[in-house]
Structure formats: structure tokens, C-alpha cells
Amino acid sequence: MPTFTGEEAQEYDNRITRLVPGYELLHQLTNAQLSATLTDNAHILVVGAGTGKEIAALANINSTWQFTAQDTSADMLAIAKQRFIEQGIDARISIECQPVDKLKVKADAVLCLLVMHFVEDNGDKKQLLKGIKNNLKKSAPVFIADLMRPETPFEREAQLNTCKELGLSETGKTQMAHNLEREFYPLDRMRFSELLNECGFGIPKLYFKALGFSGYVV
Ligand SMILES: C[S@@+](CC[C@H](N)C(=O)[O-])C[C@H]1O[C@@H](n2cnc3c(N)ncnc32)[C@H](O)[C@@H]1O
């Protein structure tokens, strides 16, 4: 299981585009949807903000938007903080290194990109989703992108081959194959919808799909 600490945090930005086919497109399309739906002075909660890439791009789209950058890894958030300072946007961002259910925000939109597949479906995913729900204004959109259960017997192999084409080494491919099998907690569409329903959300609408990675708005 990735820890998102130390060297893993330092190397994150270099590695992620080789591990998630369509990573940049996912961010671009999510940001396009936010631009199409939010007005000035919106507050966006980014759950699992990591090294701050989503926020750095969104802050450029609208200079009145404010953000909460939440993550459970202090090392990832330290990199995000440095990025925000260098970009001159730090005054618009509150950084929160604590679980989302401890926050007190009323967000106009929430992003939770590439986070929930690291959380076990033993009550922990539900806790995360309920935390999101409690920090959201009524009817505000939530964008969730996750690794899903494969829909064909060859999807994972296709994904690994694509990662290799994106520059992942043979050792990296072997490690990723192990992680996909053992270290992630992907859901199928039925369970995903059921869980959202149990947490008070509506029907998820697919807006992004690249091999095993799906993006939904709810
Ligand atoms: C793959 S990174 C995604 C970062 C960023 N959203 C992106 O798209 O680049 C996953 C992030 O989720 C964070 N994370 C894992 N479990 C979490 C949880 N329960 N609550 C909040 N963040 C979590 C990790 O620390 C890491 O920064």
C-alpha cells in the first residue's frame, strides 16, 4: 500500500502520470466541469489534495475561488504548500491535515480524485463519504475518480501495458500489478452506487473513463 510519505511523496508528481493513464486528462475534464458549474467566490474542498496539483490548476481558472486542501499525509501537503506559495495563491487555501469528517466546511463543490480506492470498504469508505456529505452545501456536486473493479478479464493487463508505454519500468509494472491485485480496494459500479446511496448521495453520473479509472459526478 502506498504511504504517500518521504520519498514516495517527493517522487509522486514524477510517477503518477505513468501509473494512471489519462491522469492529466482526468484533471483537465474535472476542472472543465467545475468551470461550467461554479460561479465567482466558490469554495472548493479537495479531499486527498496530495501535492496540490488540482488546486494549482483550478486557482488559475478563477482568481476568486477559495479552497480547502485536505489530506492525511503531512508530507504530501508540505509539497502542496510550497507549490501554493511559489504560485502566489497560498492566501486562498486552507490546508487541513486531518480526516475529512473532522472538518467544518460548507463547500460549493468537492473533488476526491484517486483517493477512495485506498480506503477499505469496511466502514472506512462510508466514513469518508459521510465526511464529504457533511462538508457540502445542499445539491453541491462531488467529483469522485477511482480505480474500479475490472469490467473485462483483460482490462488490468491493458492498463499495465499502457503504463509501460507511458514510461513505467518493468519492476514498476510488476509492483503495480501486485498493488492492483492486493493493495487497492476497488468497487464495482453496483457497490459504488449502493454506498453513495447509503451516504445520502444521488445516482453517480460517469464523466471520465480510462481503463480501470472512472470519474463520476454525484
Ligand atoms: C493518488 S494520490 C491523489 C492526489 C491528488 N488528488 C491527485 O489527483 O494527484 C492519493 C492521496 O490521497 C491521500 N489519502 C489517502 N487516504 C486518504 C483519506 N482517508 N483521506 C484523505 N486523503 C487520503 C493520500 O495521502 C494521497 O495524497
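**The annotated domain span and the ligand site**

In this predicted model, the end C-alpha atoms of residues 45-138 lie 14 Å apart, and the span is 36% helix and 18% strand. Residues 45-138 are those that UniProt, in an unreviewed entry, lists for "domain: Methyltransferase type".

The ligand takes up the space of the largest pocket, and 17 residues are found around it, of which Tyr-12, Tyr-23, Gly-48, Glu-54 and Asp-71 come nearest. Sorted by class, this shell holds nine nonpolar residues, together with six polar and two charged ones. An oxygen atom of the ligand, in turn, has a polar side-chain atom of His-27 at 2.9 Å. Of the 600 Å² that the ligand exposes when taken alone, the protein buries 91%.

Attention may also be drawn to the backbone at two positions. Most residues other than glycine have a negative phi. Phe-4, which is found in the segment before helix H1 (6-19), has instead a positive phi near 60°. Asn-41 likewise is not a glycine and has a positive phi, of about 65°; this residue is found in the loop that lies between helix H2 (23-37) and strand E1 (43-47).

Notes. Residues are numbered from 1 along each chain as its sequence is written. This is a predicted model: local features need pLDDT of at least 70, side-chain atom pairs count only at pLDDT 80 or more; totals for chains, interfaces and linings use all residues. Side-chain values use heavy atoms; hydrogens and water are left out. A residue is near a molecule or strand if one of its heavy atoms lies within 4 Å of it. A polar contact is a pair of N or O atoms within 3.5 Å; within protein, one must be able to donate a hydrogen and the other to accept it, and residues adjacent in sequence count only if both atoms are side-chain atoms. Accessible areas come from the Shrake-Rupley method with a 1.4 Å probe; for residues, only the protein chains shown count as cover. On a 1 Å grid over the protein atoms alone, a cavity is a set of points where a 1.4 Å probe fits but cannot get out, and a pocket is an open set with protein on both sides within 12 Å along at least five of seven lines; lining residues have an atom within 4 Å of a point. A molecule sits in a cavity or pocket if more than half of its atoms lie within 2 Å of its grid points. Ala, Val, Leu, Ile, Met, Phe, Trp, Tyr, Cys and Pro count as nonpolar, Asp, Glu, Lys and Arg as charged, and the others, Gly among them, as polar. UniProt positions are given in the numbering used here, feature names are shortened, and annotations may be inferred rather than shown by experiment. Helices (H or I, at least four residues) and strands (E, at least two) are DSSP runs, numbered from the N terminus.
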